[in-house]
Amino acid sequence: MKDRPKLVLASASPRRLALLEQIGVRPDALLPASLDETPHRNERPRSLALRLAEEKAREGARLAAQDAALSGALILAADTVVAVGRRILPKAETPEEAGDCLRLLSGRAHRVSTAICLVSRRGTLKSRLIETRLRFKRLSEREIESYLASGEWSGKAGGYAIQGLAGSFVSKLSGSYGAVVGLPLHETAGLLAGEGYPLHAGWSAKT
Ligand SMILES: Cc1cn([C@H]2C[C@H](O)[C@@H](COP(=O)(O)OP(=O)(O)OP(=O)(O)O)O2)c(=O)[nH]c1=O
């Protein structure tokens with residue numbers, strides 16, 4: 001894989017790294033961008049996801065430019081936003097916040113908007129927005145309390161992680177499971193392939 005472009009994942013999320021590795025992509029560097037993720041006044045969930053993915057990618061490119069070994073690298077970033085209608089739910093940092101999210105999501109439909117952004121070797125940005133609709137079953141107060149005790153909600157948009165215990169809350173999903181966890185695999189692969197990243201070159205038989 002001599003000509004493979006370098007790849008920087010501008011993310012601190014272990015889930016995003018694991019999802020990339022799932023499709024045989026191993027980034028050359030992780031350069032998380034720490035940003036103020038507060039939505040603008042009246043900002044729509046999908047606009048927020050796109051704006052933040054692009055800001056993270058730009059910041060990742062700025063950091064990569066300081067390292068000669070990463071010169072010409074592709075930079076990948078993503079952002080996931082959970083919303084009920086136009087109401088954007090926080091990334092839960094306390095059990096109270098997570099509990100409020102779960103009570104709101106209980107028995108209702110909601111939407112997860114995940115944006116990905118790839119900075120090319122020429123420094124141009126390509127973005128994709130993926131929307132997934134989900135429905136949660138009705139949650140009893142006991143289920144909510146047990147889930148809060150698990151701690152799995154911490155740092156997750158909307159106060160839950162579908163890849164863990166909360167997978168049992170989801171009665172319906174239409175869209176991309178990977179995007180809910182943090183990275184839509186089909187669209188990410190498409191963006192990488194479009195920039196000459198040889199995706200299948202990293203695939204080999206596992207013993
Ligand atoms: C809804 C949902 C979100 N999440 C996670 C994905 C994201 O990591 C997080 C949303 O926050 P993000 O701001 O998208 O990402 P992050 O801060 O964790 O990582 P970085 O910005 O460095 O890339 O919530 C799950 O893991 N499972 C889920 O089911």
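A nonpolar core, as the term is used here, is a set of buried Ala, Val, Leu, Ile, Met, Phe, Trp, Tyr and Cys residues joined through C-beta atoms within 7 Å. A residue counts as buried if 20 or more other C-beta atoms lie within 10 Å of its own, as exposed if 12 or fewer do, and as partly exposed in between, with the C-beta atoms placed from the backbone. With that in hand, the largest nonpolar core of this structure has 54 residues, and Val8, Ala53, Ile75 and Leu76 have the most contacts inside it.

Before going further, a word on where the coordinates come from. This is a predicted model, in which local features need pLDDT of at least 70 and side-chain atom pairs count only at pLDDT 80 or more, while totals for chains, interfaces and linings use all residues. Residue numbers start from 1 along each chain as its sequence is written. The mean pLDDT of the chain (the predictor's confidence in each residue, from 0 to 100) is 95, and 98% of the residues reach 70 or more. The scores for the model are ipTM 0.97 and pTM 0.95.

Two residues are in contact if their C-beta atoms, placed from the backbone, lie within 7 Å. Leaving aside neighbours within four places in sequence, the contacts of Ile75 are Val8, Ala10, Ala57, Gly60, Ala61, Ala64, Leu118 and Val119.

Next comes helix H2, residues 45-64. Helices (H or I, at least four residues) and strands (E, at least two) are DSSP runs, numbered from the N terminus. Leu50 is part of H2, and it is buried because 21 other C-beta atoms lie within 10 Å. Apart from residues up to four places away in sequence, Leu50 touches Ala115, Ser127 and Leu129. Once neighbours within four places in sequence are left out, Leu52 is in contact with Leu35, Glu37 and Asp79. Leu52 and Cys117 are 65 residues apart along the chain, and 9.3 Å separates their C-alpha atoms.

Although Asn42 is not a glycine, it has a positive phi of about 60 degrees. Is Asn42 buried or exposed? Asn42 counts as exposed, because it has 7 C-beta neighbours inside 10 Å.

Now for the strands. Why is strand S5, residues 109-119, largely enclosed by the rest of the structure? Nine of its 11 residues are buried, so the strand is largely enclosed. Two strands pair if DSSP finds at least two bridges between them. S5 pairs with S3 in the antiparallel sense over nine bridges, and Ala78 stands opposite Ile116 in S5. S5 also pairs with S6, again antiparallel, over 11 bridges, where Val112 stands opposite Thr132 in S6. S5 and S6 form a hairpin with five residues between them, and Gly123 in the turn has a positive phi of about 90 degrees.

Strand S6 (residues 125-136) in turn pairs with S7 in the antiparallel sense, over four bridges. Here Arg133 stands opposite Ser174 in S7. How many of the five residues of S7 (170-174) are buried? The count is zero, and S7 is hardly covered.

One more buried leucine is worth a visit. Leu89 sits in the loop between strand S4 (87-88) and helix H3 (95-105), and it is buried because 24 other C-beta atoms lie within 10 Å. Its contacts, leaving aside neighbours within four places in sequence, are Val82, Ala83, Val84, Cys101, Ala157, Gly158 and Gly159.

A residue is near a molecule if its C-beta atom, placed from the backbone, lies within 6 Å of it. The ligand is surrounded by 25 residues, and the closest are Ser11, Ala12, Ser13, Ile162 and Gly182. Helix H1 (14-22), strand S3 (74-84) and helix H5 (177-181) are the elements that give two or more residues to this shell, and S3 provides the largest share, four residues. For the makeup of the shell, Ala, Val, Leu, Ile, Met, Phe, Trp, Tyr, Cys and Pro count as nonpolar, Asp, Glu, Lys and Arg as charged, and the others, Gly among them, as polar. On that basis the shell divides into 11 nonpolar, seven polar and seven charged residues.
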